[in-house]
Structures are given as structure tokens and as C-alpha cells.
Amino acid sequence: MDHQHYMSQALALAREAAQAGEVPVGCVIVRAGVVVGRGRNRREEKRSALSHAETEAIRQANAALGSWRLEDCALYVTLEPCCMCAGACLNARLERVVYGAADPLAGCLGSRIDLFRMELEGAPPPRILGGVLEEDCAALLREFFLLQRRRAPAGVPPVSRPTRPSALLW
Ligand SMILES: [Zn+2]
């Protein structure tokens, strides 16, 4: 499986999110070499805390395959999933989750916590692979937040993540 190839497609969606003013996170879901779900962050557009790249891609893949089970699918996402999305990956029974940049603040595949240590109804958790095109994924986030900070008027805190306890990765 060409992880970089699919992560590049997720990155293209993340760039699309950045252009729309959203925190740049993109996601694709692949089954037998075919992309069956695509998503990008649309939290601002939908005004919904549920509209992360992964949830959007999972919803699309469920519809495309006519099943809530994505057992033979791999999910590629540019940023380590949050607790909601890691939970959704478990619930969807994904075979594998591949991410780009780690998220020391909210990443739930080992950075902050490892949600996949939880066994769900005896099903094996998805396998994890992190750090695929990590620098490209992290750079996109870094640039986005840098621009946000520059655009914010003086005295007004910028949107989303104003400060990070760890800015080591992005
Ligand atoms: Zn999420």
C-alpha cells in the first residue's frame, strides 16, 4: 500500500480546508486501492463540532459501501485524530489508521492518550501508522496558525488554538 500516495490526497483536501478558512485537516478512506471516502474539516462552514475531516470521510465511505463496517479499509488523515474521531475509527472497525502530524495537545492515538487501547466489543483496534508525510502535514498547520495570528487584530486572540503547550511539531 502506498501510504504517501494516499496521504498526498488527504493533504490536498487539507489545503482546500485552509483556503476555506478552516483548520487544515484532510482525510481519505481507501479500500482495495480505491478511495471510498473523502473529507476535510468543515467545522466553521457547518458550524458543527462534529464536522471533522475523519467523520466526513467515514460518513461518505459508509454511504459508498452501504455499511457502517469499514473492516477492510484504511483511513489516511493529515493530523492525529482527536478523541471523537479516534472513537469513530473504532466504531467503524477500520483496519488501519495512518496519520501525518502528531498532535501533542489532543491526539488520541498515543500523543495525549491512546484510545485504541480500548477494546470495543472484542473487535481488534485499527493498526496505527504515524508520521507519513509528517513535515508537509505539520507545515500546513504551522502556516495556517501563523497567518491566523498575523490577521488577528491587536488585542484580540486568534481563532482556534491561540497557544499550545507544545509547539514542537507544528
Ligand atoms: Zn476529530
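Predicted model: local features only at pLDDT ≥ 70, side-chain atom pairs only at ≥ 80, totals over all residues.
Quite a few residues of helix 3 are buried, namely Ala53, Glu54, Thr55, Glu56, Ala57, Ile58 and Ala61. The cover over these buried residues includes helix 1 (3-19) and helix 4 (83-91), along with strand 1 (26-31), strand 2 (34-40) and strand 3 (73-79).

Of these elements, helix 4 can be described in more detail. Helix 3 and helix 4 pack with their axes 9 Å apart and at an angle of about 25°. That angle is under 35 degrees, so the two helices count as roughly parallel to each other. Their crossing is left-handed. Helix 3 brings Glu54, Thr55 and Ile58 to the contact, while helix 4 supplies Cys85, Ala88 and Cys89. Sorted by type, the contact residues come out as four nonpolar, one polar and one charged.

Then there is Leu75, which belongs to strand 3. Leu75 has 30 other C-beta atoms within 10 Å; the cut-off for burial is 20 or more, so this residue is buried. Setting aside neighbours within four places in sequence, Leu75 touches Glu54 and Ala57, as well as Cys27, Ile29, Cys89, Leu94 and Val97. As for Val35, 40 residues away along the chain, its C-alpha atom is 9.6 Å from that of Leu75.

Note on methods. Residues numbered from 1 in each chain as written. Buried ≥ 20, exposed ≤ 12 C-beta atoms within 10 Å, placed from the backbone. Helix = DSSP H or I, 4+ residues; strand = E, 2+ residues; numbered from the N terminus. Contact = placed C-beta atoms within 7 Å. Axes fitted to C-alpha atoms, helices over the stretch in contact; angles between N-to-C directions. Parallel < 35°, antiparallel > 145°, perpendicular 65-115°, else oblique. Left-handed = near helix turned anticlockwise from the far one by under 90°. Nonpolar A, V, L, I, M, F, W, Y, C, P; charged D, E, K, R; others polar.
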